[in-house]
Amino acid sequence: MRLLLAMLATTLALHGQMPRPSEVQERRLANGARLLLVERPGLSAFNGTLVFQGGRAEEPAAAVGATDLLAEALFGATWPEDLLAPGKNQKDLDALLGQEEGLLEALRLERLRLRRDPAAPTQAPALEASLESVRSRLKTLFSESPLADLYTARGGRQKAEVSADALLVQTELPLESFEFWCRTEAQRLQTLQLSRFSQARASLVRELRSQGPQGMALLCGAALPGHPYGRELLDYLPSLEALRWSDLRAHARRSLRPDRMMIILVGSFSMERVLPVVERQLGSLPSPLLREESILPEITPDLGDRRVQATLGAASRLLTGWRTPPREHPDHLALRMAAQLLAGGPTSRLQSNLMRMKGLAQRAQMSLDVPGGRFPGLLVADLWASEGHSLAEVEVALHSEILRFQQDPIPQDEWLRALAQLETEHLRREDEPGALARALGLAWAEGGDWHLAELEIQRLRALLPEVVQQAVRVWLKPSHRTTVLLEPTPATSQDPVEAKLVQVLKTLAALRITDPAQRERLVAEGVRQLRMLSVEERLRTLTLLEAQLAPEKR
Amino acid sequence: MKAAPVLLVAAAISLQAQPRVQAFTLPNGLRVLHMEDHEHPLVRARLFLRIEPGTVPPGRQGLPLLFQGLFDHAETADLKAGELDRTLDDSGIQLTQSAEPGGFSWRLLARSREQDRAMGLLADRLMRTILDPSLLQAQRLACLRQLDQPWESPQARLRQTLTMEPAARPTAGSLGAITLQDLLDFRARVVRPDRAILILHGDLGLEQAKRLVLLSLGPWTAQPLPARGLPRPSPAAAAPPPVPQEAPPIPLPDSGTLVLAFAPRPEDLALEPVELLNLLVPGQTSLLPVRVETGEDGLVAALDDGDGASPRVSLGSLLHERLESFRRKGFTQTDLDRARAAWFARRSLDSLHPEAQMDRTLAEALGRGVDEGRMKALTLSALNAALQIWLDPARLRIGALGGSGGLLAGPRP
């Protein structure tokens with residue numbers, strides 16, 4: 001009997017030590033929206049997350065940046081005027097926002113016209129005055145209280161995150177505000193008022209401009225050409241500046257649909273309590289009659305070994321991306337483990353060998369699913385060269401580490417170490433409601449199934465080293481690889497060849513295309529493609545392009 | 001009057017949801033605060049070491065930063081630096097060290113079955129670390145690079161420059177003046193159990209926590225304080241560096257101009273009005289087009305022109321003018337009541353974040369916690385007086401990205 005009790009106690013103790021997956025309950029609402037509930041007794045607040053499948057990858061070319069703009073304009077704050085019931089005030093607001101849209105567009109076109117012909121007579125001051133007058137009238141409809149944000153006033157907070165595959169909105173509020181949250185979000189999605197559209201657009205443009213070009217975007221552009229995963233938002237600034245209030249509302253109606261929405265709740269409440277409220281509010285959002293599926297181009301992994309050299313940023317940096325399968329692919333988990341073994345901690349191969357032992361790199365990181373995991377993406381090694389070492393040295397060292405990974409068996413202690421780190425990280429995520437909701441939402445948006453997040457650690461434990469090695473042989477090969485070598489930007493000016501190319505492309509585009517926004521978009525895409533060429537090829541292309549111009553325009 | 005019951009209910013709910021804090025002190029003076037939570041087999045620990053004012057001698061700006069870097073890369077009597085990392089990684093233990101306002105923190109995250117090993121490694125780090133003088137020069141360079149932050153965006157770099165107290169900003173000279181003896185003295189003054197607070201959170205009971213801490217950190221004894229006084233500053237370092245009110249300009253990739261102003265949080269301000277100002281100021285529409293956000297160190301106001309057409313001086317003047325008129329205007333009683341209700345309600349959000357619960361417990365243990373009684377009693381005049389002090393133009397540090405010309409050329413409003 002004593003032995004039995006001792007065994008029982010040991011079993012229970014061991015059971016307590018094992019990470020338990022959260023108990024997630026799922027329901028489907030009448031309009032197609034999915035609801036996940038994770039019960040966490042004892043919490044005095046809750047996390048409510050809305051996940052919309054789609055993200056940047058599903059934006060049409062004319063609306064690139066719309067998801068980022070929605071995150072800012074629709075979910076950046078919760079203003080009372082964005083939740084007005086249909087009536088006179090809402091009609092007034094709509095009318096004023098419509099006028100603001102018209103004036104902003106007229107002003108944009110006028111400024112573009114003036115850029116071409118600065119001496120021409122201009123309507124700009126009159127338009128600016130009209131815009132100012134409309135904005136003053138709009139201001140009278142806006143609340144001026146410093147705690148006007150409805151969630152902040154209730155002690156809550158909200159943040160929106162945009163990825164290539166999803167728009168994810170997380171709200172934290174005291175438990176007693178749950179019904180209020182449901183009602184507010186339903187009303188927000190129903191109305192799509194976007195009253196601060198113009199400020200949000202200006203703020204996003206300003207942020208993108210001040211960030212400047214990003215190395216990771218350069219890598220994605222070169223490695224995933226022709227696919228929305230390869231777009232750099234900065235190249236589409238003119239389109240973003242031309243995007244109107246009504247365009248964004250139309251885009252929101254198409255993309256923020258209930259059948260593409262998942263609601264995730266983590267808190268101290270039961271399904272019996274939440275389901276009727278969610279069904280009544282978010283479940284009553286109209287569902288489209290036809291389910292529209294975006295058709296995106298295929299990404300072929302074997303595009304050949306590509307190289308890009310650029311001057312960017314403040315450090316010598318080597319970005320190497322291998323085209324890898326989407327999250328639902330059987331090899332995906334093996335690549336996740338490979339990334340952990342290669343750069344998952346201070347004793348991982350890249351950090352230990354390239355940083356500490358050889359001193360070649362000052363930073364070494366690896367990321368999977370760049371920029372997303374729904375379609376084939378990239379496994380990226382990001383290495384910052386140490387002072388006194390060239391990018392060529394770092395590149396050779398990286399390749400030899402990959403080769404060693406492919407050829408030599410993985411020692412067991414190294415394998416167990418990586419697994420232990422992943423297990424701790426998994427537990428941390430389970431312990432933090434926001435991190436758990438995010439993981440569930442992204443698993444659904446990227447892999448089509450939220451169970452992927454819950455089962456990941458069990459599947460990782462069942463993985464074999466040989467399987468990981470085989471996946472690395474299949475996917476991390478030169479024909480899948482794109483390398484970006486970034487040298488620090490000279491303080492004085494940008495690459496002169498690129499500057500000249502931009503000038504020539506603009507002149508050529510001006511001869512053929514009248515719409516300035518379309519023209520700017522074309523030039524941006526041209527520059528992105530040209531960056532993939534070597535310096536010699538760029539010079540040859542420049543000569544060919546210049547030859548198409550009349551001598552006086554060169 | 002109506003707000004009072006709401007506040008009481010909100011406070012009661014928020015307190016009910018937090019794990020109960022139980023405190024004990026080891027014979028060596030180490031204070032331990034324990035929060036039991038068995039939701040997941042995970043243990044978190046935070047060890048905070050206070051740096052008392054006056055611990056850093058004049059002319060040795062950057063001493064805590066250099067000490068942190070050296071300590072982080074040092075070996076211990078039992079483990080070489082690489083071995084420590086290996087042991088941590090083998091067990092899936094995450095150990096990070098950071099410099100925070102007023103001290104250093106070590107944060108531990110481990111599966112509960114690894115708690116003994118995790119605390120043992122932390123103890124080893126604290127008690128048996130050997131400072132290696134051969135690493136000193138490399139760490140000085142690393143500190144300078146860390147301060148320069150070339151990998152960060154220009155905005156983040158400017159912000160970092162403004163946030164740092166000008167007189168405390170390390171320079172190549174001040175870092176070069178720091179000797180091994182300075183570092184050993186600093187260690188003797190700071191790395192001691194009677195200056196430390198340990199917070200444990202997660203899957204361990206009180207008795208288990210006592211046993212664990214006693215076994216791992218019980219043998220930690222304070223080193224005798226250095227007999228000699230604080231080192232004399234070298235003649236070159238004796239004179240405090242000039243206090244730049246205007247930070248050196250940083251180029252911006254685009255042609256626009258951005259002006260940032262930083263108002264450090266005055267140390268003498270009570271915490272209660274500061275907490276409410278943190279809620280009220282960022283939502284103030286009268287400041288537009290100036291955008292404001294608040295953080296732990298202070299308040300940041302930003303203004304840009306997008307196309308670089310406005311000279312810096314006019315942007316700087318507009319920013320000053322908006323802040324000053326806002327400072328004069330202040331808040332109303334309704335604003336105060338709403339902010340207070342929001343603050344009490346927000347306390348419950350900590351239940352979603354174990355790290356936030358530990359932050360709050362630490363702040364209370366350090367005497368930096370907000371007193372609910374004082375919060376309820378806060379008056380409008382006290383709130384507006386705090387705003388006046390915080391946004392005093394003489395305290396503002398201002399800097400620009402892009403554009404040309406000075407910021408402070410014209411007379412200040």
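This is a predicted model: local features need pLDDT of at least 70, side-chain atom pairs count only at pLDDT 80 or more; totals for chains, interfaces and linings use all residues.
Colleague: Which residue does R206(A) form a salt bridge with, and how far apart are the closest N and O atoms?
Modeller: R206(A) pairs with D304(B), and the closest N and O atoms are 2.9 Å apart. A salt bridge here is a side-chain nitrogen of Lys or Arg within 4 Å of a carboxyl oxygen of Asp or Glu.

Colleague: OK. How many salt bridges are there between chain B and chain A?
Modeller: The count between chain B and chain A is 8. Over all chains the count is 57.

Colleague: And polar contacts?
Modeller: Between chain B and chain A, 20 residue pairs are in polar contact, with both residues at pLDDT 80 or more. Such a contact is a pair of N or O atoms within 3.5 Å; within protein, one must be able to donate a hydrogen and the other to accept it, and residues adjacent in sequence count only if both atoms are side-chain atoms.

Colleague: Which element of chain B gives the most to the side that touches chain A?
Modeller: α13(B), with 6 residues. By class, that side of chain B has 18 nonpolar, 15 polar and 15 charged residues. Ala, Val, Leu, Ile, Met, Phe, Trp, Tyr, Cys and Pro count as nonpolar, Asp, Glu, Lys and Arg as charged, and the others, Gly among them, as polar.

Colleague: How much area do chain B and chain A bury between them?
Modeller: About 4600 Å², 51% of it on carbon and sulfur atoms. Buried area is the accessible area (1.4 Å probe) that two parts lose on being put together, summed over both. In chain B, H40(B), D89(B) and L352(B) lose the most area to chain A, together 15% of what that side buries.

Colleague: How many residues does the contact take from each chain?
Modeller: Chain B gives 48 residues and chain A gives 55, with contact meaning heavy atoms within 4.5 Å.

Colleague: New topic. At what angle do α2 and α8 of chain B cross?
Modeller: The axes of α2(B) (residues 63-73) and α8(B) (residues 180-190) come within 10 Å and cross at roughly 90 degrees. That makes α2(B) roughly perpendicular to α8(B), a label for angles of 65 to 115 degrees (under 35 is roughly parallel, over 145 roughly antiparallel, the rest oblique). Axes are lines fitted to C-alpha atoms, for helices over the stretch in contact, with angles from 0 to 180 degrees between N-to-C directions. Helices (H or I, at least four residues) and strands (E, at least two) are DSSP runs, numbered from the N terminus.

Colleague: Which residues of α2(B) and α8(B) meet?
Modeller: From α2(B), L63(B), P64(B), L66(B), F67(B), L70(B) and F71(B); from α8(B), D182(B), L183(B), F186(B) and R187(B). By class, this contact has 8 nonpolar, no polar and 2 charged residues.

Colleague: Which residue forms a salt bridge with D182(B)?
Modeller: R60(B), with the closest N and O atoms 2.7 Å apart. R60(B) lies in the loop between β3 and α2 of chain B and D182(B) in α8(B), so the pair ties together parts that are 122 residues apart in sequence.

Colleague: Last one: where is P289(B) found?
Modeller: In the loop between α11 and β10 (291-294) of chain B. The peptide bond from L288(B) to P289(B) is cis, with omega near 10 degrees.

Methods:
Residues are numbered from 1 along each chain as its sequence is written. Chains are lettered from A and ligands numbered from 1 in the order in which they are written. Side-chain values use heavy atoms; hydrogens and water are left out.
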